[in-house]
Amino acid sequence: VGKSRLVYQLHEHLAAVPHTWLECGATPYTEGTPFHPIIALVAQGLRLVAEDTTAEKLGKVERGLRALASVETVALLADFLGLPPPTRLQLSPELQRRKTLDLLAQWTLSLSAAQPLVVFVEDLHWCDASTLELLGHLIAQSPTARVLLLATARPEFTPPWPARSNLTTVQLARLTKRQARDMIATLAGTDLPAATLDALVARADGVPLYVEELTKAVVEAGTARDVEAIPATLADSLMGRLDRLSTAKEVAQRAAVLGREFGYPLLAAMVGMDEAALRQGLGRLVDAEILFARGEPPAATYTFKHALIQETAYQSLLKRTRQQLHARVAQVLEERFPERVAAEPEVIARHYEQAGLAAEASAHYQRAGERATRRSANEEAIGHLRRALDLVATLPETRERHQMELGLQMAIG
């Protein structure tokens, strides 16, 4: 209920205050990837960019560690980020994991020595177990540090860490009818008929996203601002807005297959559109505030304004079309982004699974499980291996299937 908007307003409010702001988020595609949000956060803190060479990235790692830099810590952080360690670590997977957790906590807290630090983690309900473990370390070690750890989650999320004096949970209530009316009046810009205003308040039911999207649907519909102009559901509202964006609708639908956040290079490779049309479509989606953009194409990253918007665009596709697009994404990842496949095999596994290609999906889930095992991320490893086993069970009865099942069962233990 307005979590992201409140965080955005806080960020804006702090703009004039000296501080460091780092942020990351979890997604359904990577909820089984050990430390996925934290890897993005560390890369942001070290200012790593795709154009950096390996040597440049290793240099940034060493400089970014500052007083914590040593032969071992540089190697630990490099390996954590998927870079070739400058020196080989002679550690067991479990010991390396413990040392890495300690280093990440120390590094994060050290950033607050120069100026206050805000760490924002979005969508805890999709975070992997390893990320939650690290956040627990930070909470335990930061009572006296100049650090604000800010996180959002859906109501069903149960924090795995114990209650502490420096830990506060804020439950967001729905908007009152008066607050909803004020918000609608601000968004509409002009007076709406009383019946339309009352219907909007009732249908939005105090949810800020619903208030915003339903009001925009009425305003964008043109001169007809009566009750009949109000979409029956949020999905109807969003689809109406996408329909009015013409060719940009197809861009939104295809982008939704990639998840809530996606990079321009992957979208351009899988979407099958003229580059000028693609950029124009993305621009229209950004102007309509359906997408938010960071950077400029071809280095841009886009995020759907809300997970429900991404889900609505995704569900508007026919099942067969969704399967075809997922298969296309998997093919593009294999052919053009092998480094991402190696680093996040569970992502391509999920695309193969959604494409209905069980054999390919199970093979990549198994690789994801093996990779998590090497990091001593046992909970994530078991999750991937069990998913692979479930998919193998759907394959025809053959000798190869039984061999695959046996190998997975032995790996699970």
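Modeller: The sheet is open and has 3 strands in the order 1-2-3, with parallel pairing. Neighbouring strands are turned against each other by 15 degrees on average, direction ignored. Strands (E, at least two residues) and helices (H or I, at least four) are DSSP runs numbered from the N terminus, and two strands pair if DSSP finds at least two bridges between them. This is a predicted model, in which local features need pLDDT of at least 70 and side-chain atom pairs count only at pLDDT 80 or more, while totals for chains, interfaces and linings use all residues. Residues are numbered from 1 along each chain as its sequence is written, and side-chain values use heavy atoms, with hydrogens and water left out.

Strand 1 and strand 2 (residues 117-122) run parallel and are joined by 6 bridges. F120 in strand 2 is the bridge partner of E23. Helix 1 (residues 3-13) packs on the sheet and touches strand 1, strand 2 and strand 3; its direction makes about 160 degrees with that of strand 1. Axes are lines fitted to C-alpha atoms, for helices over the stretch in contact, and angles run from 0 to 180 degrees between N-to-C directions.

The loop between strand 1 and helix 2 (36-45) holds T33. T33 is buried, with a relative accessible area of 4% (buried is under 20%, exposed over 50%, partly exposed in between, with a 1.4 Å probe and protein chains only). Apart from neighbours within four places in sequence, T33 is in contact with D128, E346 and H384, contact meaning heavy atoms within 4.5 Å. From T33 to A180 the C-alpha to C-alpha distance is 39 Å, at a separation of 147 residues in sequence.
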